[in-house]
Amino acid sequence: MSPEQTDVLIIGAGPAGLAAALAAASSTARIVLLDDNPLAGGQIWRDGPQAELPEQARSLRERVLGHPNVRHCPGTRVIASAGPNTLLVEDAERGWQIRYDKLILCTGARELLLPFPGWTLPGVTGAGGLQALIKAGLPVRDQALVIAGSGPLLLASAATARHNGARIVRIAEQAARGAVAGFAAQLPRWPHKLLQSFSLFDRQYRTGTHVLAALGSDRLEGVRLSQQGNIVEVACDRLACGFGLIPNSQLGQALGCALEQQALAVDGWQATSVAGVYAAGECSGFGGSELALVEGAIAGHAAVGEHPAAQALWTRRARWQGFARALNRAFALNPALKALATADTLVCRCEDVAYAELSGHVGWREAKLASRCGMGACQGRVCGAAVQHLFGWQPSAPRPPFSPARIETLLCLEDISS
Amino acid sequence: MPELILDGRPLRVPDGTSVAAALALGGDGCARTSVSGQRRAPLCGMGICQECRVNIDGRRRLACQTLCRDGMHVETRP
């Protein structure tokens with residue numbers, strides 16, 4: 001089977017990917033918009049039976065998906081690089097290759113999930129993770145919730161949970177009161193964000209507070225917290241815990257794109273270090289949906305050679321980059337969070353590898369070979385980021401298949417090369 | 001309102017419900033059993049962690065990225 005051909009291939013249909021598609025579609029370019037979720041919108045605009053989508057999201061989604069130049073492939077994952085400018089992809093039914101002239105990576109971010117005693121108990125999720133699960137129909141009515149970790153996502157997750165009938169018994173923000181207050185004081189520079197943060201504010205919000213352990217035997221029953229220096233225990237049905245976001249840079253890394261800190265490095269056109277490959281949104285550094293939208297539009301225009309249209313958006317991008325910098329400073333992680341795991345706390349949840357099996361090693365590769373940490377189904381996406389935070393080990397670029405795939409899909413590599 | 005079969009029991013859910021949500025609507029919320037025998041439930045909710053992998057009509061799928069469909073067979077064990 002010969003590869004599908006397209007002018008622009010966009011990976012990820014969140015705000016950045018949708019904006020990139022719309023910008024690129026103003027030319028005559030053919031666009032394929034690929035996403036591993038069943039519906040477009042990414043994480044922030046995840047639709048579902050218990051989601052409330054902003055009008056802006058609904059209208060952007062309709063304009064992009066209704067555009068004659070755009071082919072949307074939902075529920076589709078990238079499995080491997082299949083040669084120059086070609087990716088092997090898979091959906092629920094089949095695997096196939098797509099050949100592109102330009103590639104725009106809008107792969108978003110995931111939560112930093114750090115291991116602590118009890119974090120593998122059913123009832124413990126990520127903070128954004130719980131929000132995503134609720135939007136897709138997870139029942140939380142009358143359940144007691146503790147939301148912990150760091151960043152504005154805690155408030156957003158709490159708001160979604162409360163809207164769906166949950167009781168929020170505590171929001172534990174690890175950052176100190178001064179840092180959070182300093183950030184809030186800067187919000188008038190971005191009035192729209194100020195409005196958002198007030199509507200999200202919650203009287204159970206505590207700064208300088210972090211999780212110590214999830215309690216329970218077969219399922220979560222409560223949480224032990226370090227709350228402004230005191231140890232407290234809170235009974236709850238669910239704990240949603242996330243320590244901020246980390247860029248999904250793996251696909252870009254596998255294609256040879258350079259990193260800057262943990263994100264894909266880009267220039268003013270959102271171009272990566274690899275010719276013809278662009279990156280926009282959280283995978284190129286955090287800043288929220290407003291920054292993702294403008295970066296996506298710049299990448300989309302640049303990819304089809306419309307540089308003046310791209311450049312016209314630079315001022316708007318700079319404004320939201322300022323917001324991102326303030327955010328990242330305020331929610332820097334407390335070093336105490338590196339000491340949450342005990343010897344028998346599982347760090348790798350795929351292969352059930354405990355902290356004690358890792359702590360003696362000098363690097364990621366050695367630890368992996370000795371313990372199988374990071375060699376399971378998630379390919380180190382969770383534990384790799386955790387050990388980078390805990391031990392400073394740099395995870396290696398992922399090797400194909402980038403996610404578990406069917407044999408029939410992998411055979412599509414053979415078809416064309418032979 | 002699709003009706004699926006979750007671990008042998010019928011379950012009707014609202015349109016657009018993910019299989020991950022259905023696990024909690026019709027059971028104890030767990031998706032799989034880990035290599036050391038612990039029951040696990042969805043963690044990241046966004047297709048990263050693979051904790052929610054279940055068997056759907058004979059294929060391994062992520063519950064959080066799969067929408068419930070009429071007649072779907074979902075297995076969370078062993």
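Modeller: With handedness: a crossing is left-handed if the near helix is turned anticlockwise from the far one by less than a right angle, and right-handed if clockwise. Keep in mind that this is a predicted model. In it, α1(A) passes α2(A) in a left-handed crossing.

Biologist: At what angle do α1 and α2 of chain A pack, and how far apart are their axes?

Modeller: The angle between α1 (residues 15–25) and α2 (residues 55–65) of chain A is about 45°, and the axes are 9 Å apart. Angles under 35 degrees count as roughly parallel and those over 145 as roughly antiparallel, so α1(A) is oblique to α2(A). On the α1(A) side the contact is made by A:Leu18, A:Ala21 and A:Leu22, and on the α2(A) side by A:Leu60, A:Arg61, A:Arg63 and A:Val64.

Biologist: Which residues of α2(A) are buried?

Modeller: A residue is buried if 20 or more other C-beta atoms lie within 10 Å of its own. In α2(A) the buried residues are A:Ala57, A:Leu60, A:Arg61 and A:Val64. Viewed down the axis of α2(A), they fall within an arc of 100°, so they line one face of the helix. These buried residues pack against α1 and β3 (70–73) of chain A. On the other side of α2(A), the exposed residues are A:Glu55, A:Ser59 and A:Glu62.

Biologist: How does the pair α3 and α4 of chain A pack?

Modeller: Helix α3 (residues 127–135) and helix α4 (residues 153–163) of chain A have axes 8 Å apart and an angle of about 30°. That makes α3(A) roughly parallel to α4(A). Their crossing is left-handed. From α3(A), the residues A:Ala127, A:Gly128, A:Leu130, A:Gln131, A:Ile134 and A:Lys135 take part; they meet A:Leu153, A:Leu154, A:Ala156, A:Ser157, A:Thr160 and A:Ala161 in α4(A).

Biologist: What does the span of α10(A) tell us?

Modeller: A helix span can be checked against 1.5 Å a residue. The buried residues of α10(A) are A:Arg317, A:Trp320, A:Phe323 and A:Ala330. Down the helix axis they fall within an arc of 145°, so they line one face of α10(A). The face turned away from that buried side carries the exposed residues A:Thr315 and A:Ala318.

Biologist: Which residues of α5(A) and α10(A) meet?

Modeller: A:Ala179, A:Val180, A:Gly182, A:Phe183 and A:Gln186 of α5(A) meet A:Ala326, A:Leu327 and A:Ala330 of α10(A). The axes of α5(A), residues 177–186, and α10(A) come within 9 Å and cross at roughly 165°. That makes α5(A) roughly antiparallel to α10(A). Again, the crossing is left-handed.

Biologist: How many residues separate A:Cys373 and A:Cys348 in sequence, and how far apart are they in space?

Modeller: They are 25 residues apart in sequence and 5.5 Å apart in space, C-alpha to C-alpha. A:Cys373 is in the loop between α11 and α12 of chain A. With 27 other C-beta atoms within 10 Å, A:Cys373 is buried. Residues that A:Cys373 touches include A:Cys348, A:Val353, A:Leu358 and A:Cys383.

Biologist: Last, how many residues does each chain bring to the contact?

Modeller: The contact takes 31 residues from chain A and 36 residues from chain B. On the side of chain B that touches chain A, the elements giving two or more residues are α1 (19–26) and β4 (39–40) of chain B. α1(B) gives the most there, with 4 residues.

Methods: Residues numbered from 1 in each chain as written. Chains lettered and ligands numbered in written order. Predicted model: local features only at pLDDT ≥ 70, side-chain atom pairs only at ≥ 80, totals over all residues. Expected span 1.5 Å × (residues − 1). Buried ≥ 20, exposed ≤ 12 C-beta atoms within 10 Å, placed from the backbone. Arc of directions from axis to C-beta. Axes fitted to C-alpha atoms, helices over the stretch in contact; angles between N-to-C directions. Parallel < 35°, antiparallel > 145°, perpendicular 65-115°, else oblique. Contact = placed C-beta atoms within 7 Å. Lists of a residue's contacts leave out its neighbours within four places in sequence.
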